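Good morning, and thank you for coming. I shall present one structure today, starting with its metal site and then turning to its helices.

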Amino acid sequence: MTETNELTSIKFWGHAFVSLTQGGQTLAIDPYYPAGEIPLSLEPTLVLVTHGHGDHLGEAVPLAKRAGCEILAITDLARYLHGEGAAVRTAHFGGKVAFPFGWVKIVPAIHSSTGPQGQYLGEPAGFLIQLFGRLFYHAGDTALFSDMALLKNEGPLHCAFLPIGGLYTMDPQDALEAVRLLSPAWVVPIHFNTFPQIAQDSASFSRLVEAETTSRALVMSPGEERML
Ligand code: NI
Ligand code: MN
């Protein structure tokens, strides 16, 4: 693994689906894509799934099979994915899995995790990702919890993807507190406006982040790609 000062291409596909591309590696996280079939232009080298709910598991299995790559998930979910014919990598809370780009640490999320038939799939997770020396945090679906502050013990966070939709996850007020705990250079709000139940004003969240924290907010539209 080499460290680099190169920027990472970040694409927000919608909802909680984000891809990170750098150095020939593409990580696709929570590939639920309501817009239709995931374009062939996305060729992940690793798919990551935070928990079993349909709006996160999404197209993970067909996408990974199509790309010929592995899926990283916490143990119980990984066992299910393996049963669906996917190649998997796995660890449990606190564990780091090494990859050519760095590592992924599986970290807690306060939520639940069930599969397409309502079956229990273990605990929901978030991912702390070290990509060529920089740290990214995808919180998955979670409520606010104070131990988020511990994540930056691994180093300063470059970018945090945080749910702000409320009802099922943190709302903007709790996500703002999460930003204070995490102190990322950048925060990208996710998991809002996909459905009427999670409608939120992301511009207002962005203004609050920039007024009340040292972080910068980046509100991305579905399909938008940025170098960060
Ligand atoms: Ni969920
Ligand atoms: Mn969700």
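Let me begin with a term: donors are N, O and S atoms within 2.8 Å of the metal, or 3.2 Å for Na, K and Ca, and because water is not among the atoms, sites may look incomplete. This is a predicted model, in which local features need pLDDT of at least 70 and side-chain atom pairs count only at pLDDT 80 or more, while totals for chains, interfaces and linings use all residues. Residues are numbered from 1 along each chain as its sequence is written, chains are lettered from A and ligands numbered from 1 in the order in which they are written, and side-chain values use heavy atoms, with hydrogens and water left out.

The manganese ion (ligand 2) lies 3.3 Å from the nickel ion (ligand 1), and Asp141 coordinates both. Which protein donors does the manganese ion have? They are Asp55 (OD), His56 (NE2), Asp141 (OD) and His191 (NE2), at 2.1 to 2.2 Å from the ion. Along the chain, these donors follow the spacing D-H-x84-D-x49-H. Helices (H or I, at least four residues) and strands (E, at least two) are DSSP runs, numbered from the N terminus.

Both Asp55 and His191 are buried; buried means under 20% relative accessible area, exposed over 50%, and partly exposed in between, with a 1.4 Å probe and protein chains only. Ala203, in helix α5, is partly exposed, because its relative accessible area is 38%.

Finally, the buried residues of helix α4 (residues 172-182) include Pro172, Leu176 and Leu182.
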